[in-house]
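This briefing sets out the fold of two chains and the contact between them. Please consult the sequence and the structure shown below.

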Amino acid sequence: MAVAETIDIVDPEIQARNAARKQKLMSAVVPLATAAGLVALWQLGVKGFGVPTYIAPAPSDVAATFVEKFPLLMQNFWPTFIESVAGFAVGNLAAILIAVAFVHSRNVERAFFPIAVFVNTIPILAIAPILVLIFGPGMTAKVVIAALICFFPTLVNMVRGLQSVSPQTLELARILSASKTEVFWKMRLPSSLPFLFSALKISATTSVIGAIVGEWVGADLGLGALIIDATFNFNSPLLYATVLMSSGLSVLMFTLVSLAERRIVRW
Amino acid sequence: MGMMESKATLTGQPIDALPAEIPAAALKAATVRFGTYTAIEELDLQIEAGAFYTILGPSGCGKSTMLRLVSDLIPAAGGDVSIFGKTTEQARLAREFAFVFQDAALLPWRSALKNVELPLEIGRKRNVEIPVGPRSPRELLELVGLKGRENALPHELSGGMRQRVAIARALLCQPKLLLMDEPFGALDEMTRDRLNLQLLDIWRETGTTILFVTHSISEAVFLGQKVIMLRANPGRLREIVDIDLPEPRQMKLRDTPEFNRYCGYLRELLETC
């Protein structure tokens with residue numbers, strides 16, 4: 001009887017909330033525990049088999065280097081960060097404007113879409129040296145490479161987004177005698193935003209790749225340059241720490257875009 | 001007609017009551033073609049101002065096409081269409097009619113209130129004179145029974161509520177003609193019944209003319225003072241049936257033999273279209 005009574009007292013709402021909280025906790029704990037387990041396995045493997053540090057450093061070595069060389073890492077972080085952000089801004093802005101032109105005029109699309117596809121098919125590793133030759137070893141070439149890598153996914157998604165307005169919405173615009181400008185600002189542009197953000201999430205990470213590839217080709221500062229430097233000096237712990245830093249930058253960019261999306265696209 | 005009644009609008013200009021002889025919409029030998037396909041052929045129709053018309057017909061008879069012709073969404077291949085004596089384009093520019101679509105066609109990023117306000121924003125920067133009815137967007141939402149849901153986004157509302165927002169938006173510019181293309185077609189029967197009664201209230205209160213396309217015979221009889229029956233291939237007028245049932249229409253009317261006699265008659269007519 002006592003058991004039955006205690007069950008009766010439990011509020012189903014609280015129970016549901018507890019279950020939800022538990023679910024939420026588990027969804028965070030499971031991936032974290034898996035990652036920690038893999039890192040531990042890596043540590044044990046490297047130390048247990050006596051793998052030389054220059055071939056594969058243990059996580060503890062990487063962590064030690066990360067702390068020790070943190071000023072150096074940060075010094076190289078900022079140029080890559082600036083190049084990624086600038087490339088992200090330039091590439092996406094260009095893609096958005098060209099998408100608007102495409103939707104506005106079919107002839108513009110016919111003229112330039114094949115060229116856009118062609119540019120997209122050139123491997124970024126092949127075009128990077130060309131751009132460094134043109135723009136020199138400074139930041140400009142890296143920004144251009146990062147912009148180029150962002151450009152195509154955003155162009156394709158933005159065109160689709162601007163065309164995603166439902167036929168009935170366009171009929172409504174006509175009934176209200178809306179001008180082309182009004183249809184664009186009040187209907188086409190807002191309905192393209194979910195598509196745009198899908199593309200921005202892709203370019204948030206690829207812009208970092210573009211900047212790093214640009215730095216490989218020719219730079220003395222930046223995470224890409226540090227990766228090359230560490231590799232040639234067999235400084236594997238520093239190499240790993242730099243890779244960690246690079247992916248940290250990508251995650252940061254992705255998170256910022258995701259946060260912006262959650263604030264803006266609320267439907 | 002020197003002593004015509006006039007009432008003031010919000011913009012301060014009096015609108016004169018229209019002489020009874022000007023029809024809300026007049027179609028004279030109106031023809032619509034899509035390529036080689038003739039959707040409507042030589043349709044003659046006079047829509048009396050202030051009345052509630054429902055439009056029935058087999059699928060492919062051009063019911064929706066007719067509404068789109070009247071609302072200047074598609075051009076006539078031949079014949080003539082006028083709204084309150086004006087061309088459809090003039091009437092559209094003056095916002096004399098409004099359209100309620102099958103799908104509510106709300107902008108998903110705008111709240112219910114912002115969706116109702118949309119007609120005020122279109123043309124404002126171009127200094128277009130926008131006719132405004134006596135009711136504010138907020139009052140219109142209240143009229144359709146959505147008080148308290150002003151800030152809800154469309155995806156937070158049910159299908160019936162979304163359609164009511166669309167009706168409130170359509171009423172904002174105080175249209176003299178309201179075109180409705182199966183507005184309740186996607187809703188469950190109980191919601192549909194409730195919205196039918198609400199729509200009749202709105203019609204009586206605003207005095208607007210309504211052209212209401214439907215698939216449902218009982219909905220057509222329940223709502224309409226007149227049922228326009230079209231025939232298919234190509235779309236032509238079959239018959240206009242006067243529905244002589246007691247006003248105001250109430251739910252229990254549907255159980256009366258008179259109501260069912262009209263339904264039976266229209267069903268028979270539909271089978272021979």
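Of the 267 residues of chain A, 33% count as buried, where a residue is buried if 20 or more other C-beta atoms lie within 10 Å of its own, exposed if 12 or fewer, and partly exposed in between, with C-beta atoms placed from the backbone. The model is predicted, and local features need pLDDT of at least 70, side-chain atom pairs count only at pLDDT 80 or more, and totals for chains, interfaces and linings use all residues. Residues are numbered from 1 along each chain as its sequence is written, while chains are lettered from A and ligands numbered from 1 in the order in which they are written.

**Chain A: overall form**

- Chain A comprises 11 helices and zero strands; helices (H or I, at least four residues) and strands (E, at least two) are DSSP runs, numbered from the N terminus.
- The radius of gyration of chain A is 25 Å, whereas a compact globule of 267 residues would have one near 18 Å; the radius is taken over C-alpha atoms, and the globule rule is 2.2 Å times the number of residues to the power 0.38.
- The C-alpha trace of chain A spans about 80 × 75 × 30 Å along its principal axes.
- Chain A is assigned domain 1 (2-48) and domain 2 (59-264), with bounds that come from an automatic or database domain assignment.
- The centres of domain 1 and domain 2 of chain A, taken over C-alpha atoms, are separated by 37 Å.
- Among the contacts in chain A with a separation of 6 or more, 78% join residues 24 or more positions apart; two residues are in contact if their C-beta atoms, placed from the backbone, lie within 7 Å.

**Contact between chains A and B**

- Chain A gives 17 residues to the contact and chain B gives 19 residues.
- On the side of chain B that touches chain A, the elements giving two or more residues are α2 (88-93), β8 (97-100) and α3 (112-121) of chain B.
- That side of chain B has 12 nonpolar, three polar and four charged residues; Ala, Val, Leu, Ile, Met, Phe, Trp, Tyr, Cys and Pro count as nonpolar, Asp, Glu, Lys and Arg as charged, and the others, Gly among them, as polar.

**Glu171(A)**

- Glu171(A) lies in helix α8 (residues 167-175) of chain A.
- Glu171(A) is partly exposed because 18 other C-beta atoms lie within 10 Å.
- Not counting residues up to four places away in sequence, Glu171(A) touches Leu73(B) and Phe101(B).
- The C-alpha atoms of Glu171(A) and Pro114(A) are separated by 32 Å, and these residues are 57 residues apart along the chain.

**Strand pairing in chain B**

- An open sheet of four strands in chain B has the order β4-β3-β6-β7, with antiparallel pairing; two strands pair if DSSP finds at least two bridges between them.
- The edge strands are β4 (37-47) and β7 (86-87) of chain B, each of which pairs on one side only.
- Five bridges join strand β3 (residues 25-34) and strand β6 (residues 78-83) of chain B in the antiparallel sense, and Ala25(B) stands opposite Ile83(B) in β6(B).
- Strand β5 (residues 52-56) and strand β11 (residues 226-231) of chain B run parallel and are joined by four bridges; Ile55(B) stands opposite Ile228(B) in β11(B).
- β11(B) also pairs with strand β12 (residues 236-242) of chain B, in the antiparallel sense over six bridges, and Leu230(B) stands opposite Leu237(B) in β12(B).
- β11(B) and β12(B) form a hairpin with four residues between them, and Asn233(B) in the turn has a positive phi of about 50°.
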